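This report describes a predicted model. It begins with a pair of rings and then turns to other parts of the chain.

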Amino acid sequence: MLLLDSAAQRRAKMEWSLESVREMVAGGMQSVRECEICAFAIAMCVLLLFMWYCYRVGREHGTSPLRGRYLAGPGRIGGVVGGFMSSDCRGRGKGKHGSLLEEQNGFAFCQSSECFRCTSAGKSLNQRLYHSLQEYAKRYTWSGMGRVHKGVRDQGRYLNSRPTIQRPEVFFLPDLPSAPFFSREVQRHDVELLEQSFPSLLAEFESIYHQPPARSGSSLPPGWKANSTPRGQWWTYYLVNQGTPLVLNVRRCPRAWRVLGQLRTFIANNVFGNACFSVLTPGALITEHYGPTNVRLRCHLGLRVPPSCELVVGGEPQCWSEGSCLLFDDSFLHRAFHDGSPEDGPRVVFMVDLWHPNVAAAERQALDYIFTPGRLEDRDGK
């Protein structure tokens with residue numbers, strides 16, 4: 001009898017234990033389902049917020065100039081001609097300011113007193129800079145804008161008080177380390193990428209340099225621009241000119257364009273960014289001058305470097321080397337010359353503008369906004 005009772009009790013305990021396990025498993029599965037629903041809801045909210053942010057940024061900045069902006073059409077270059085000029089510059093050239101535009105090899109070069117690039121910015125530049133900075137802060141944030149705000153607020157004083165060895169012509173960002181030349185290590189990824197691309201960039205230069213002249217009476221192949229020099233010839237072939245891709249030139253140089261798209265620190269979205277092939281013929285001299293800003297480093301990749309070629313920045317001379325990059329701050333007084341013989345051939349470099357390594361990401365974003373091509377144009381002509 002006692003044995004039967006104990007067996008019954010064991011069965012009852014077993015049944016209770018199994019029932020408890022079933023309930024616990026069911027409860028756990030229900031909790032998991034509820035957690036999945038909560039997690040899914042949270043993920044959807046995050047996704048919607050991210051899509052909204054992308055929409056806002058896309059509306060403001062449009063597509064990146066290195067991701068298809070040049071495909072807008074053969075006659076338009078991102079809505080800007082020659083950097084600070086607005087898209088209606090050609091129209092103005094045919095009317096009131098018709099005599100102020102010069103046509104060379106299919107490119108228009110503005111010489112209007114209203115063009116920010118061709119003349120001094122005038123007293124209203126500081127006001128326009130500050131207005132653009134306020135617009136940026138309202139749309140995004142003031143966080144990280146200390147140096148930019150300081151630079152914009154006191155821009156006139158900074159530009160006028162700079163020593164003659166370094167005097168940027170347009171914008172000075174305070175508290176940046178300054179030196180005429182920089183080590184390749186400060187932009188190691190982009191320097192190594194450019195140097196690895198040396199053979200393809202040299203081959204692409206050869207293909208555009210040896211084209212027949214653009215038209216009768218011209219000595220320049222299509223897309224090349226002759227720059228003013230006291231002696232010799234200085235030619236440039238721009239892929240990006242003051243933040244604006246040049247449509248036809250880009251289409252002729254797909255490999256160089258691909259390299260630009262892979263650079264991490266190329267200034268692609270504002271007027272301080274340029275990329276070009278630069279040629280100095282034997283006997284040529286580029287006279288001393290200053291660049292527009294200290295927020296960038298100019299990078300020269302040597303493609304063809306004959307003897308007796310030299311770059312002098314801030315009084316320090318350096319020589320190019322084929323397949324190697326030189327990094328320098330062109331807000332310092334600088335000049336270049338080729339004193340070789342005609343048999344030496346031209347000096348050729350591939351030039352790109354990279355961000356100064358000490359300009360923070362938040363500052364880069366703000367400067368891209370402030371110096372978007374066309375933004376600082378004085379639309380009232382003041």
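Helix α7 covers residues 198-209 and holds both Phe-205 and Tyr-209. The two residues are four apart, about one turn of the helix. A search of the whole structure finds 15 aromatic pairs. Phe-205 and Tyr-209 form one of them, with ring centres 4.9 Å apart and 25° between the planes. The pair counts as stacked because its planes are under 30 degrees apart.

Are these two residues buried or exposed? Phe-205 has 0% relative accessibility, so Phe-205 counts as buried. Tyr-209, at 18%, also counts as buried, because the cut-off for that class is under 20% relative accessible area.

Both rings belong to one aromatic cluster, together with Trp-224, Trp-235, Tyr-237, Phe-277 and Phe-350.

Helix α7 also packs against helix α6, which spans residues 188-196. On the α6 side the contact is made by Leu-194, Glu-195 and Gln-196; on the α7 side it is made by Phe-198, Pro-199 and Leu-201.

Strand β5, residues 234-241, contains Thr-236. With a relative accessible area of 2%, Thr-236 is buried. Leaving aside residues up to four places away in sequence, Thr-236 touches Gly-223, Trp-224, Lys-225, Asn-227, Cys-276, Phe-277 and Ser-278. Trp-224 and Phe-277 are also members of the aromatic cluster. The side chain of Thr-236 makes a polar contact with the side chain of Asn-227, at 3.1 Å.

| Arginine | Ring | Distance from ring centre |
|---|---|---|
| Arg-347 | Trp-320 | 4.7 Å |
| Arg-375 | Tyr-369 | 3.9 Å |

In the case of Arg-347, the charged end of the side chain sits over the ring of Trp-320. Arg-375 lies over the face of Tyr-369.

Some totals describe the chain as a whole. The protein chain has 10 helices and 14 strands. Of its 382 residues, 47% are buried. Among contacts with a separation of 6 or more, 72% join residues 24 or more positions apart.

Note on methods: Residues are numbered from 1 along each chain as its sequence is written. This is a predicted model: local features need pLDDT of at least 70, side-chain atom pairs count only at pLDDT 80 or more; totals for chains, interfaces and linings use all residues. Side-chain values use heavy atoms; hydrogens and water are left out. Rings of Phe, Tyr and Trp (its six-membered ring) pair if their centres lie within 6.5 Å; planes under 30 degrees apart count as stacked, over 60 as edge-to-face and the rest as tilted. Buried means under 20% relative accessible area, exposed over 50%, partly exposed in between (1.4 Å probe, protein chains only). A charge sits over a ring if NZ of Lys or CZ of Arg is within 6 Å of the ring centre and within 35 degrees of the ring normal. A polar contact is a pair of N or O atoms within 3.5 Å; within protein, one must be able to donate a hydrogen and the other to accept it, and residues adjacent in sequence count only if both atoms are side-chain atoms. Contact means heavy atoms within 4.5 Å. Axes are lines fitted to C-alpha atoms, for helices over the stretch in contact, and angles run from 0 to 180 degrees between N-to-C directions.
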